[in-house]
Structure formats: C-alpha cells, structure tokens
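Please consult the sequence and the model below while reading.

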Amino acid sequence: MLFSRTIKNTIAGIFLLVSSVSFAQKEDVKTLPIGQVVPLLDYKMENLDGKMLQLGSLSGEKGLLVVFSCNTCPFVVGSDNFEGWEKQYNDLMKFASDRGYKMVLINSNEAKRGDDDSPEAMKKRAAEKGYTMPYVIDKNSQLADAFGARTTPHVYLLNKKMELIYTGAIDNKVDGKRSSDENYLKNAIEAASSGKEIELTTTPPRGCSIKRVKK
C-alpha cells in the first residue's frame, strides 16, 4: 500500500512538472500585450445564477481581475503534490476587492462542456468551494481566443480603463527552481492600487491547456 502510494505521488509530481512546462505552451495562441484595452467588453456570458454578464460592467473602482479556470485541472483543484490555485480564489477576491478590483472566473473548456465543465458541474464546484465571485461560461472559448488565454488558470489584471496591466501566473509555487515565494498577482494588484509601477507585468501562465473545440 505504501509503495503504491509512493508511486502514485511520484507520478502526480511528474505530471505537474511536465504540465507546468508543456501545457503552458500547448495552445498556439498569443496573449494580449500589456497596455491594450481588452476586447469583447460587451460579450455576454452566462453566470451560474442564469444572469448574463459582461466584462465591461463588472469592473470595480480600480479595475477587474479575470481568471480563466475550470473544474478538473490539478493546477486548479489540486493533487497529492500541489494544493491547487483554486484554494486562493476567495482570498484573491477579498484581496482584490479591498483594493478596488472586482474578480470573475471564466470557464472556456468548451470541449468538456458536456462533461466535467458542464453548467451543472460548475454550479456544484462553486457551491462546494464557496466561490464568492461570478463564474461564467465562455461559449466556444470566444473570450479565451480573444484574450489569447492558454491555461487554467491564466490571469489577466485590468485597470479601470480596461487596459491589461498584468498577465500570467498567480504565483511561482510550481516553479521548481524558485529560491523564494513570489506572489506575482498580489504584487501587481498592490502596486497598481497604490499608483505604483508594476515591476513584473508578464509571467508564463502555468496549468492545463484550455480545452477548445477543434475548428
């Protein structure tokens, strides 16, 4: 039993290591450049409560935090070797809100819409984890395509003009060679909310590839 568990943990660790490198680069898409006003601000997406929401109307006083997420990726939900970034979502929501930013989760996994990323599965996940932010459906991955989102998670921090000011990973917890913990996203929010320059505006997104429907 101990041996099999060790093997399982080792395999999970290898999966995370490989995924953090290869899955982040799998989609042949280019993310938006820093400083650009994001597209599709009036694009309507269905929230879990049935309401149709638009990015343009979700911004807080200082801006909006957009996180592409899902229900199953181990980088989101966790594994034996990594707790998963989902555990930070509610804390990030409060951290951002306290500094004038709203937050929204986007599910663009259209290829899994009839299965693990169905509306019903999304509602169940949100209820189980107590999501405090909207969790919306990006039909046919339209917003993900427009943003150039690659992974779950992949974050985009927007200012009040809806210009991109940070994009990439939440932190460096899956980077094997890190010498210290760095919370890229919180650092960006803190700097921007204080009127300071964001030192690191772009980092490599880490996670599983967004499951697009092949066209």
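## Asp117 and its surroundings

The side chain of Asp117 reaches the backbone nitrogen of Asn71 at 3.0 Å, a polar contact (a pair of N or O atoms within 3.5 Å; within protein, one must be able to donate a hydrogen and the other to accept it, and residues adjacent in sequence count only if both atoms are side-chain atoms). The model is predicted: local features need pLDDT of at least 70 and side-chain atom pairs count only at pLDDT 80 or more, while totals for chains, interfaces and linings use all residues. Residues are numbered from 1 along each chain as its sequence is written, and side-chain values use heavy atoms, with hydrogens and water left out.

Asp117 is placed in the loop between strand E4 (101-107) and helix H4 (119-129); helices (H or I, at least four residues) and strands (E, at least two) are DSSP runs, numbered from the N terminus. The residue is buried but has no salt bridge, and Lys112, the nearest side chain of opposite charge, is 4.5 Å away. Here buried means under 20% relative accessible area, exposed over 50%, and partly exposed in between (1.4 Å probe, protein chains only). Lys and Arg count as positive and Asp and Glu as negative, with His and the chain ends not counted; a salt bridge is a side-chain nitrogen of Lys or Arg within 4 Å of a carboxyl oxygen of Asp or Glu. Beyond the neighbours within four places in sequence, Asp117 is in contact with residues including Cys70, Thr72, Asn107 and Met122, contact meaning heavy atoms within 4.5 Å.

## Helix H4

Met122, Arg125 and Ala126 are the buried residues of H4. Seen down the helix axis, they fall within an arc of 95°, so they line one face of H4; the arc is that of the directions from the helix axis to the C-beta atoms. These buried residues pack against helix H2 (74-77), E4 and strand E5 (135-137).

The face turned away from the buried side carries the exposed residues Glu120, Lys124, Ala127 and Glu128. After H4 comes Gly130, with a positive phi near 65°.

In strand E3 (residues 63-69), 7 of the 7 residues are buried. Gly63, Leu65, Val67 and Ser69 point one way, and Leu64, Val66 and Phe68 the other. In a regular strand the side chains alternate between the two faces of the sheet. E3 runs parallel to E4, joined by 7 bridges, with Val67 opposite Leu105; two strands pair if DSSP finds at least two bridges between them.

E3 also pairs with strand E7 (residues 154-159), in the antiparallel sense over 6 bridges, and Gly63 has Asn159 as its bridge partner there. E7 is largely enclosed by the rest of the structure, because 6 of its 6 residues are buried. Strand E8 (residues 164-168) pairs with E7 in the antiparallel sense over 4 bridges, one partner pair being Leu158 and Leu164. The hairpin of E7 and E8 has 4 residues between the strands, and Met162 takes a positive phi near 65° in this hairpin.

## Lys211

Lys211 lies in the segment after strand E9 (208-209). At 28% relative accessibility, Lys211 counts as partly exposed. A polar atom of the Lys211 side chain lies 2.6 Å from the backbone oxygen of Ser209.

Although Lys211 and Arg113 are 98 residues apart along the chain, their C-alpha atoms are separated by 9.4 Å. Apart from neighbours within four places in sequence, Lys211 is in contact with Ser108, Asn109, Glu110, Ala111, Lys112 and Ser141.
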